[in-house]
Amino acid sequence: MELRIDRVTKNYGSKIACDRLSITFGKGVYGLLGANGAGKTTLMRMMCGILNPTSGTISYDGVDVSCEEYRDVLGYLPQDFGYYPEFTAQDFMMYIAALKGIPKSKAKVKTEELLEMVSLKNEAKKKIKTFSGGMKQRLGIAQAMLNDPKILVLDEPTAGLDPKERVRFRNIISRMGADRIILLSTHIVSDIEHIANTILVMKNGQLIHEGSLEEIIAVIRGKVWECTVPQKISDELTVKYPIINTRNVGDEVFLRLVCDEKPCDDAVNADATLEDLYLYYFSEEENDKS
Amino acid sequence: MNLFFELTGYEFKKILCRKRTVITLTLVVLLGALSVFGTIVGNYYYTDENGNEVAISRYDDDMIDRQYGEELSGRVIDADLIMEAVEAYRQVPLNENSWYTNTKEYQNFARKYSEIYGIVCRIFDLDIEGFQNLTREQAEQFDKVRRENREYVIENSVISENMRKYWQKCLDESPETLIYEYSGGYDRFVTIMYTTAIMAGAAIAIILSGIFSEEYTSGADGLILSSKHGKGLVIGAKLFAAFIVSAVLIILLTAMTYAETMIVWGSNGADGQLLLMGNMYPYNITIGQSALLYCVSALAACLMFAAITSVLSAIFRTPFSTIVIMAILLIAPMFLTLPDEAPVWLFCLENLLPTNMMAFWGAMYDYQYEIFGLIIPPYVFLPVFAVLASCVCVYFACRAFRKHQIG
Amino acid sequence: MRFNLKKELREAFTPPEPNGRDGFLAAIPYPKLTYREFVLSQICYIRKRIWFVSLLILLAGVGAVYIVPDSSMVLVWIISALIPLLAVLTAAEISRSDIFGMFEIEAVCRFALPQVIGARMIILGICNFAVIAAATAVLGIFSPLGIAKSALYILTPYVSVNGISLAIFGRVNGQDGVYLSVAAAFAVSLAGVILFGKELYDERMTNVLMMAVCVAGTVLMTVQIKKLLVGKDNYYGIKD
């Protein structure tokens, strides 16, 4: 089981959305991190065959992304997806099942099972237009799993889910990752932290990091600092370094920041997290832009 | 007040700075121009006595009519003129196998009097043969018979006493004699104006069907309704902008149609009596006045159309339903034909539909509206009704938008 | 004796929990739908409004024949005014993935978007062909137009509205596209009523113009259908 992305590039006119990406996915959960416009969605769409790369190839066990056999083992949850207003949750699932070539009898069983899994069994006969954002998202997750996919691509799957649902969803994904390839992108860093075996960090269409949580965090280990300083110094530090957290403590300000050397005398080293890394990289980008 | 106009400015921008508005307006203006010139492009075809098909340019044909009409303009339709026409028509041979207008005798002698022929035949209820046999004694009775016909209608129509008195008053005040005036320009104007007004109505429906519902579909409704003036000034500004756009559109199209028809067929005939356009019109107004009153009626109809579009747009969540309903409202009355034996009030009611209000015959309909004993001619009643109906629509549009629930 | 042994064994030992049963069941291959079966399965997903309007056109034709037998041109106006509605609904049905933002989900399924659209086209094509053929026959028989002109008067609004609507749906996403295409259908419907309702224009010239519009509409429709079936990159409004 191997999904190979080989020197894939995607250009929109002069803008490069993905720049010579080469990744090989095996079984497991992959978390894709990146700021808005980093090229995550473009990469996912190319992996699903709905965008053609400008150059490069994508294949699963030698089967090209454009083949029906590829789509037969693919499950995809787009970032934004619509629905037909007259459809109930069950209609929607049965319709997608038909598109996935699943016979009606099997589709019925699978629909029931998946709706139960995403806690929508009681809402199966309700129209999707009456659903909340979270319910719609859960339905999206369920449809992606209809064909028991070997490759599951989830673009912002936890957006709109309440904390309880998010935890439940994370557990499901972790379980499923044992025997398939799952790629998920999200801005909720803690989700990736909890379930991804491998984390991919994208910036400006390029893959800048790939590795386990420990390997990724190693980049900023020893560079995360916490200090409580007067307002004036806080202002100075804010300009100089990427700030991860700030909080007023009496007349002073508590800061958590990332920098190579000790930012002030009172600063103490803190344990680095994935969120620190994310903010470190992407606030740097903001600073570059400004 | 300044704020209101500022908000109206944004609404204008929302309506006008859109591709679909630009496309629609361009198409309507283009079609408006083509609908006039289209009528003089191409040919009329007829079969001559030898069975050959002959084509004559529509423009040339119309210009011949114009020339003949202008030659007769200003002449009283009296026995002399009628007999002149009869003499000319007597030269036309009648043949069962061929339509008399196809003969060269008709073209050379009778055609010049075709308008007189039409008016006289309507009064005496004659066909071509009857007209050829018309005597001078009969011709001298033209005005008398015309009056008697009208009196017969007044006496025998199932109408209220008030209306009967009104009709009689109109008849008493009408001139004793008819003076022929060529009014080809006005004839074409009121005919083509119907098409123009319908096109304006369609454009209004397309442009304005999203005036409220697009706020719903775009998700801006929450922002607007939660703002300070969202349930007041903004609605006013929207409706004001809608009415201004509609009014400007129909005025522009009317002016364009008027200018084109006058250029092609001439602007003569404005002072001619309305009776010349149809012997049943009871109103003592000139053709020019009737055209003006009709334009006011068409303008009011378009504004009413805009008001109905706005109220539907406020009620429905998408422009789709609005546009479909407005299309039906505009097109269906064209297919609707009431049977002749239907009561008069039903015809009067039918004329209140915006589509019929846009027609000359709607504004000049020979039956009037009676409100509390007061007789109001349709060219007055229709615009007043349209304004009142628009006010009701405005009220419901405001109410619907204010009560709109986000979701 | 044997039966007793089985029973006693069952009572004596607790059977182990099934291990990997779900995985085993999931791994059992099952026959997937063929494309023919898939097309048939899509019939029930075609919206009722299509069937309703198709029926309405047929009923309007038949009704008009009986109600207004002596004014047969009314029949032409009614049918040609309704045809754009069928055309725009058909185009909307074909492009509904785009209108409702379902294209991404549908594009990655085993039957990809062009195949889904193809299935819809097959179903709607058969339905529309039946309606157009029936309407042409009704007009050909009961109106003074004859079969050839009837076909022209029906096909012209159909292909032009269908072509324009498909082009609009290909470029304008969501409800905006619906708005524009309905407006186009409205305009074509109105143009038909004006052209056929009044004898203001040269009929021969009108027919030539209609033929030109019919050819242009057919070309436009074919180009749009080709684009949809080829599933050109980015055609479905997918952008990063």
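1. Chain A of this predicted model contains 10 helices and 14 strands. Along the principal axes, the C-alpha trace of chain A spans about 70 × 45 × 35 Å. Of the 290 residues in chain A, 43% are buried, and among the contacts of chain A between residues at least 6 apart in sequence, 66% join residues at least 24 apart.

2. The domain assignment divides chain A into domain 1, covering residues 3-212, and domain 2, covering residues 222-271. When the centres of domain 1 and domain 2 of chain A are taken over C-alpha atoms, they are separated by 38 Å.

3. One helix pair in chain A can be described in some detail. Helix α3(A), residues 89-99, packs with helix α4(A), residues 104-117, at an angle of about 130°, and the axes of the two helices are 10 Å apart. Because angles over 145 degrees would be needed for a roughly antiparallel label and the roughly perpendicular range ends at 115, α3(A) is oblique to α4(A). The crossing of these two helices, α3(A) and α4(A), is right-handed.

4. On the α3(A) side of that packing, the residues are Ala89(A), Gln90(A), Met93(A), Met94(A) and Ala97(A), and they meet Ala107(A), Lys110(A), Thr111(A), Leu114(A) and Leu115(A) in α4(A). Sorted by class, the contact of α3(A) with α4(A) has 7 nonpolar, 2 polar and 1 charged residues.

5. Chain C has a secondary structure of 11 helices and 0 strands, and its pattern, read along the sequence, is accordingly written α-α-α-α-α-α-α-α-α-α-α. Buried residues account for 45% of the 240 residues in chain C. As for the sequence range of the contacts in chain C, 76% of those between residues at least 6 apart in sequence join residues at least 24 apart.

6. Chain A and chain B, by contrast, are joined by no contact, and the closest C-alpha atoms of chain A and chain B lie 9 Å apart.

7. Where chain A meets chain C, 32 residues of chain A are in contact with 26 residues of chain C. The elements of chain A that give two or more residues to this side are α1 (40-47), α2 (68-72), β6 (74-77) and α3. The largest share of the side of chain A that touches chain C comes from α3(A), with 4 residues. By class, the residues on the side of chain A that touches chain C divide into 16 nonpolar, 7 polar and 9 charged.

8. The contact between chain B and chain C takes 23 residues from chain B and 22 residues from chain C. On the chain B side, the elements that give two or more residues are α2 (19-37), α11 (184-208) and α16 (319-335) of chain B. Among these, α16(B) gives the most to the side of chain B that touches chain C, with 8 residues. The residues of the side of chain B that touches chain C divide into 12 nonpolar, 9 polar and 2 charged.

Technical notes:
Residues numbered from 1 in each chain as written. Chains lettered and ligands numbered in written order. Predicted model: local features only at pLDDT ≥ 70, side-chain atom pairs only at ≥ 80, totals over all residues. Contact = placed C-beta atoms within 7 Å. Nonpolar A, V, L, I, M, F, W, Y, C, P; charged D, E, K, R; others polar. Axes fitted to C-alpha atoms, helices over the stretch in contact; angles between N-to-C directions. Parallel < 35°, antiparallel > 145°, perpendicular 65-115°, else oblique. Left-handed = near helix turned anticlockwise from the far one by under 90°. Domains from an automatic or database assignment. Buried ≥ 20, exposed ≤ 12 C-beta atoms within 10 Å, placed from the backbone.
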